[in-house]
Amino acid sequence: MALQQVVERTVAGLGYDLVEIERSAGGLLRVTIDLPWSGPTSDAEAPEAFVTVEDCEKVTRQLQFALEVDSVEYKRLEVSSPGIDRPLRNEQDFQRFAGEVIDITLKAPMGAAAGGQVAANRKKFRGTLERVAGADGSQGWQIVWSQEPDGKAAPKPGQKISSKRAPAPMQALGFALDELREARLAPIVDFKGRRPRPDALASD
């Protein structure tokens with residue numbers, strides 16, 4: 001059985017979601033897991049649950065057994081929780097992290113579709129992930145960000161902004177998931193070590 005299938009089957013069997021599998025030099029096999037997402041909740045006060053050391057140890061033990069049974073070669077196994085740059089890989093991931101600041105990389109440059117708003121060869125963007133309805137009623141995705149004039153850097157999350165400063169114009173980029181080469185949560189933290197509020201915008 002292929003490595004992907006072995007790991008997915010084992011992780012799902014223990015009640016976790018498989019986020020990523022990486023093979024590194026020296027025979028390191030790195031597996032990233034997360035707790036299942038049950039959908040949006042109206043309980044804003046409910047604490048967010050995170051993968052614990054015990055969760056990683058449990059998955060490690062079961063994976064070691066499963067990989068041995070299926071004769072998968074590796075020298076060292078590392079099971080961890082997602083970091084602040086967690087990859088987004090499917091529709092459920094995008095639903096789960098709507099409102100967060102993310103980084104996306106397109107498979108192809110913007111080209112003529114940029115319309116002079118951004119560089120035609122640009123592939124990478126950072127902005128707040130939003131659900132958007134198409135003209136035909138279909139649901140899609142976009143990111144929005146503030147574009148500072150004259151190439152000035154956008155204010156950092158938590159940075160004080162003068163009340164006299166005119167707000168930077170907003171830009172939006174709609175996309176389909178099959179147009180993305182990669183999408184990840186933006187690795188941004190505030191001064192207290194937490195992720196910024198969902199309304200914090202950033203530009204590439």
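## A walk from Glu 20 through the sheet

Let's start at Glu 20, which sits in strand β1; strands here are DSSP runs of E at least two residues long, helices are runs of H or I of at least four, and both are numbered from the N terminus. Before going on, note that this is a predicted model, where local features need pLDDT of at least 70, side-chain atom pairs count only at pLDDT 80 or more, and totals for chains, interfaces and linings use all residues. Residues are numbered from 1 along each chain as its sequence is written, and side-chain values use heavy atoms, with hydrogens and water left out.

Glu 20 is buried, with a relative accessible area of 12% (buried means under 20% relative accessible area, exposed means over 50%, and partly exposed is in between, using a 1.4 Å probe and protein chains only). What is Glu 20 in contact with, leaving aside its neighbours within four places in sequence? The list reads Arg 30, Val 31, Thr 32, Pro 87, Arg 89 and Arg 184, where contact means heavy atoms within 4.5 Å.

Glu 20 and Arg 89 form a salt bridge, with 2.8 Å between the closest N and O atoms; the term covers a side-chain nitrogen of Lys or Arg within 4 Å of a carboxyl oxygen of Asp or Glu. Glu 20 belongs to strand β1 (residues 17–24) and Arg 89 to the loop between β3 (76–80) and α3, so this pair ties together parts of the chain that are 69 residues apart in sequence.

Arg 86 and Asp 93 meet through their side chains at 3.5 Å, N to O. Arg 86 is buried at a relative accessible area of 5%, and Asp 93 counts as buried too, at 9%. Glu 91 and Arg 131 make another salt bridge, at 3.0 Å from N to O. Since Glu 91 lies in helix α3 and Arg 131 in strand β5, this pair ties together parts that are 40 residues apart in sequence. Are these two side chains' residues buried or partly exposed? Glu 91 is partly exposed, with a relative accessible area of 31%, and Arg 131 is partly exposed at 35%. Salt bridges with shared partners also join Glu 20, Arg 89, Glu 182 and Arg 184 into one network.

Five strands form an open sheet, in the order β7-β6-β5-β4-β8, with antiparallel pairing; two strands count as paired if DSSP finds at least two bridges between them. Why is one side of β7 and of β8 left without a neighbour in the sheet? Because β7 (170–175) and β8 (180–185) stand at the edges, each has a single partner strand. Neighbouring strands of this sheet are turned by 40 degrees against each other on average, direction ignored (the axes are lines fitted to C-alpha atoms, for helices over the stretch in contact, and angles run from 0 to 180 degrees between N-to-C directions).

Now zoom in on β5 and β6. Strand β5 (residues 124–133) is joined to antiparallel strand β6 (residues 139–146) by six bridges. Val 132 stands opposite Gly 140, and Ala 133 faces Gln 139. The two strands form a hairpin with five residues between them, and in the turn Gly 137 has a positive phi of about 90 degrees. On to the next pairing: β6 and β7 are also antiparallel, over six bridges, with Gln 171 in β7 as the bridge partner of Trp 145. Seven of the eight residues of β6 are buried, leaving that strand mostly covered.

Last come the rings. Rings of Phe, Tyr and Trp (its six-membered ring) pair if their centres lie within 6.5 Å; planes under 30 degrees apart count as stacked, over 60 as edge-to-face and the rest as tilted. By this rule there are three aromatic pairs. Phe 94 and Trp 141 have ring centres 5.8 Å apart and planes at 45 degrees, so this pair is tilted. Phe 94 lies in helix α3 (residues 91–96) and Trp 141 in strand β6, 47 residues apart. Phe 94 is buried at 2% relative accessible area, as is Trp 141 at 5%. Phe 125 and Trp 145 form a tilted pair as well, with 5.6 Å between centres and 50 degrees between planes. Both Phe 125 and Trp 145 are buried. Finally, ring pairs link Phe 94, Trp 141 and Phe 175 into a cluster.
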